[in-house]
Amino acid sequence: MDIDWIGWKRALIDLFFPGDCPICKRAAYLDDVSFACLSCLDEVAWIRGARCKFCGVGMDGMEYAGLTCKNCRERTPLFQGGRSLFHLNPAGRSIIHEIKYQGNKRVLEDISFFLERAPGFLDFITGTVLIPVPLHRKKLNKRTYNQSLWIAKALAKEAGISTVVYDCLIRTRHTPSQTKLDREQRQKNMKNAFALKQGTCLDGFHRAVLVDDVYTTGATLDACAQALIDSGFGQVEVATLGHG
């Protein structure tokens, strides 16, 4: 008799760590294959086709290598390129909220479905070192987890052995919330807020991709890129789940 070990595993996980679809809030795994409903994932505004070469935001028009959005033209980021999986429409915001504020790591069990819906994203991160954006120790102690580290590990698992996660950045200042700040204020707020951990060695890595949950103005990712560039690392790019 064949035993459905995956089904048993999910049943045990649901018993001790129950969860619902992050979008419609119905029971998880109603489709048997994905944590979120497949129909709900279809509601997410996945970024396909033409996009900004720096921040990865989706754009109208023909796709070409030098396409740059208005925000990145006005202030060219320090990092050399980037990708985001989806725009922050209501469905996308629900995914981010569930991971970031509810601590629901199980949403990332669907990462392979996310990657299928955003062609080219997996190739973009493959063969790189993924560096999660860190939390300040005060926030980390309060929240108990860093969602960016969760995301980086989930992405690396899909990308295979050529892609590694290196949690090598620290947040040196406990900065105020950026929620109500404009772009210029965010840039000032984040200046010199990050540094490499003591003993960090990036020798042997040719390309680093900073990983965060959301790309808003790029101020946080730019400050992280600055820390890497100041250490002598040349090729720095970024990857986020959401953009908005």
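A contact here means heavy atoms within 4.5 Å. These legends go with a predicted model, where local features need pLDDT of at least 70, side-chain atom pairs count only at pLDDT 80 or more, and totals for chains, interfaces and linings use all residues. Residues are numbered from 1 along each chain as its sequence is written, and side-chain values use heavy atoms, with hydrogens and water left out.

**View A. The whole chain, before zooming in.** There are 10 helices and eight strands to find your way around; these are DSSP runs numbered from the N terminus (helices: H or I, at least four residues; strands: E, at least two). Take the contacts with a separation of 6 or more: 71% of them join residues 24 or more positions apart. The chain has 244 residues, and 49% of them count as buried (under 20% relative accessible area; exposed is over 50%, partly exposed in between; 1.4 Å probe, protein chains only).

**View B. Cysteines without a disulfide.** A disulfide is a pair of cysteine sulfur atoms within 2.5 Å, and searching the whole structure turns up zero of them. Cys37 has its closest cysteine sulfur in Cys24, but at 3.7 Å that is too far for a bond. Cys69 isn't in a disulfide either: the nearest cysteine sulfur belongs to Cys72, 3.6 Å away. Cys37 is buried at 3% relative accessibility, and Cys69 is buried too, at 9%.

**View C. Strand S7 and its partners.** All eight of the eight residues in S7 (residues 208–215) are buried, so the strand is largely enclosed by the rest of the structure. S7 pairs in the parallel sense with strand S3 (residues 129–132) over four bridges; strands pair if DSSP finds at least two bridges between them. Pro132 has Val211 of S7 as its bridge partner. S7 also pairs with strand S8 (residues 236–243), again in the parallel sense, over seven bridges, and Ala208 sits opposite Val236 in S8. From S7 the chain goes through helix H10 (residues 219–230) to S8, a right-handed β-α-β crossover (with the strands pointing away from the viewer, the path from the first strand over the helix to the second runs clockwise).

**View D. Gly120 in its loop.** Gly120 lies between helix H5 (111–116) and helix H6 (121–125). Gly120 is partly exposed, with 35% relative accessible area. Its C-alpha is 8.6 Å from that of Arg48, a residue 72 positions away along the chain.
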